[in-house]
Amino acid sequence: MRKRSIIQMTLVGVVVGLALAAVAFFIPWLPDAASEQADIIDSVYWVVTVICVAIFALVAGVAVYAVWKFRAAPDDMDDGSPIHGHTGLEIVWTLVPTVLVTFIAVYSGVALAQAEDLPDDHRVVEVTGEQFAWTFTYPDVELENGEPLASGELVLPVGEPVEFLITSKDVIHSFWVPEWRMKQDAVRGVTTRTVVEPSKVGTFEVICTELCGLGHAVMRSRARVLSAGDFSAWVEEQRRLAAEGGSVQGEALFSAQCASCHVLEEAGSQGQVGPNLDESLEGAEEDFVRESIVEPNATIAEGFQPDVMPQNYGELFTDEQIDGLVEYLLEATGGGGR
Ligand SMILES: [Cu+2]
């Protein structure tokens with residue numbers, strides 16, 4: 001090939017490459033990075049993106065140049081001249097991808113090992129997925145009744161590595177906080193694990209990313225990352241609420257487990273998945289409230305679907321906790337004949 005065409009082709013490739021690089025770089029494609037793992041994972045994204053942009057620019061450069069330079073004249077009815085293979089070229093286009101793919105595999109493997117690296121001394125949080133809610137259990141925080149602390153929202157101190165041990169009570173779910181990048185399936189009968197060290201204080205969304213049934217889209221919870229001091233205060237508060245019992249404990253449970261799906265003015269909650277409890281529980285009987293919690297499918301509120309509200313609160317909560325919830329809901333909505 002003549003030198004001039006190679007220069008022209010290179011120019012086209014560089015222009016395409018720069019345009020693509022700008023699209024990749026200036027548009028914020030990824031959510032905020034809020035964990036040590038996120039920085040590692042993002043570096044893999046960037047390395048792969050740079051390689052892809054370079055290869056695409058090369059291929060697009062040759063293609064665009066060929067269309068422009070070798071276009072047949074309107075009156076040219078000749079067959080193209082026969083071309084035989086080019087051994088050198090074939091060796092190059094076999095070797096280059098082999099080297100690149102091997103490099104990407106090794107780079108990703110090292111990044112994953114780094115991301116999942118844990119000091120011996122670390123916090124463990126057990127994550128349980130079920131249709132359609134998450135429960136987070138802190139095995140090293142024991143409450144007065146001997147049970148470990150459990151919460152429907154995930155609360156963690158910043159800058160401390162956490163090992164998540166993940167499982168499911170029914171179908172396959174998947175635990176994911178986009179800002180942390182790490183993602184892991186929750187499978188019944190199996191305990192999977194992932195590691196996260198939150199690096200930013202803030203509130204993030206916990207999302208189920210495995211289509212798991214009717215309520216999949218609402219299977220969301222909150223992850224709150226606090227300073228070490230605020231975290232200890234939160235743990236103490238949970239201890240206190242659990243020890244208190246009655247409607248005080250009910251209020252804490254409601255905020256943690258139910259607020260994401262129900263409006264309740266008293267709790268300041270805005271969930272739209274289930275009925276507005278201020279309206280639907282007004283003047284309700286205690287038995288009805290209790291049944292609605294432990295056996296939600298017994299009566300389905302008008303305009304709503306069965307099987308969206310989790311079916312196993314009866315097993316998940318102690319009798320005392322359910323009493324507390326019922327008491328709290330009756331107080332909050334003026335039900336129970338009061
Ligand atoms: Cu799910």
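## Ground rules

As this is a predicted model, local features need pLDDT of at least 70 and side-chain atom pairs count only at pLDDT 80 or more, while totals for chains, interfaces and linings use all residues. Residues are numbered from 1 along each chain as its sequence is written.

## Domains

The protein chain splits into domain 1 (3-65 + 95-115) and domain 2 (245-338), with bounds that come from an automatic or database domain assignment. Taken over C-alpha atoms, the centres of domain 1 and domain 2 are 51 Å apart.

## The β3-β2-β1-β5-β8 sheet

Let's start with an open sheet of five strands, ordered β3-β2-β1-β5-β8, with mixed pairing. Strands here are DSSP runs (E, at least two residues), as helices are (H or I, at least four), numbered from the N terminus; two strands pair if DSSP finds at least two bridges between them. At the edges sit β3 (148-151) and β8 (192-196), each pairing on one side only. From one strand to the next, the twist averages 25°.

Inside this sheet, β1 (residues 123-130) and β5 (residues 162-168) pair in the parallel sense over seven bridges. Glu-126 stands opposite Leu-165 in β5.

## The β4-β10-β9-β6-β7 sheet

Another open sheet of five strands runs in the order β4-β10-β9-β6-β7, again with mixed pairing. Its edge strands are β4 (154-157) and β7 (183-186), and each pairs on one side only. Here the twist averages 25° from one strand to the next. Helix α4 (residues 228-244) packs on the sheet and touches β4 and β10, its direction making about 135° with that of β4. Angles like this run from 0 to 180 degrees between N-to-C directions, and axes are lines fitted to C-alpha atoms, for helices over the stretch in contact.

Going strand by strand, β4 and β10 (residues 220-226) pair in the parallel sense over four bridges, and Val-155 stands opposite Arg-224 in β10. β10 also pairs with β9, this time in the antiparallel sense over six bridges; Val-206 has Ser-221 in β10 as its bridge partner. β9 (residues 202-208) is in turn joined by two bridges to β6 (residues 173-176), and those two run antiparallel. Trp-176 has Ile-207 in β9 as its bridge partner.

## Helices packing on α9

Helix α5 (residues 246-258) packs against helix α9 (residues 319-333) at an angle of about 90°, with the axes 7 Å apart. That is why α5 and α9 count as roughly perpendicular to each other (angles under 35 degrees are roughly parallel, over 145 roughly antiparallel, 65 to 115 roughly perpendicular and the rest oblique). Among the contact residues are Gly-246, Phe-254 and Leu-253 of α5 and Gly-324, Leu-325 and Tyr-328 of α9, where contact means C-beta atoms, placed from the backbone, within 7 Å. By class, the α5 and α9 contact has four nonpolar, six polar and three charged residues (Ala, Val, Leu, Ile, Met, Phe, Trp, Tyr, Cys and Pro count as nonpolar, Asp, Glu, Lys and Arg as charged, and the others, Gly among them, as polar).

Helix α7 (residues 286-294) also meets α9: their axes come within 10 Å and cross at roughly 125°, which makes α7 oblique to α9. In this contact, Glu-286, Val-289, Arg-290, Ile-293 and Val-294 of α7 meet Ile-322, Leu-325, Val-326, Leu-329 and Leu-330 of α9. The α7 and α9 contact has eight nonpolar, no polar and two charged residues.

Note on methods:
Two residues are in contact if their C-beta atoms, placed from the backbone, lie within 7 Å.
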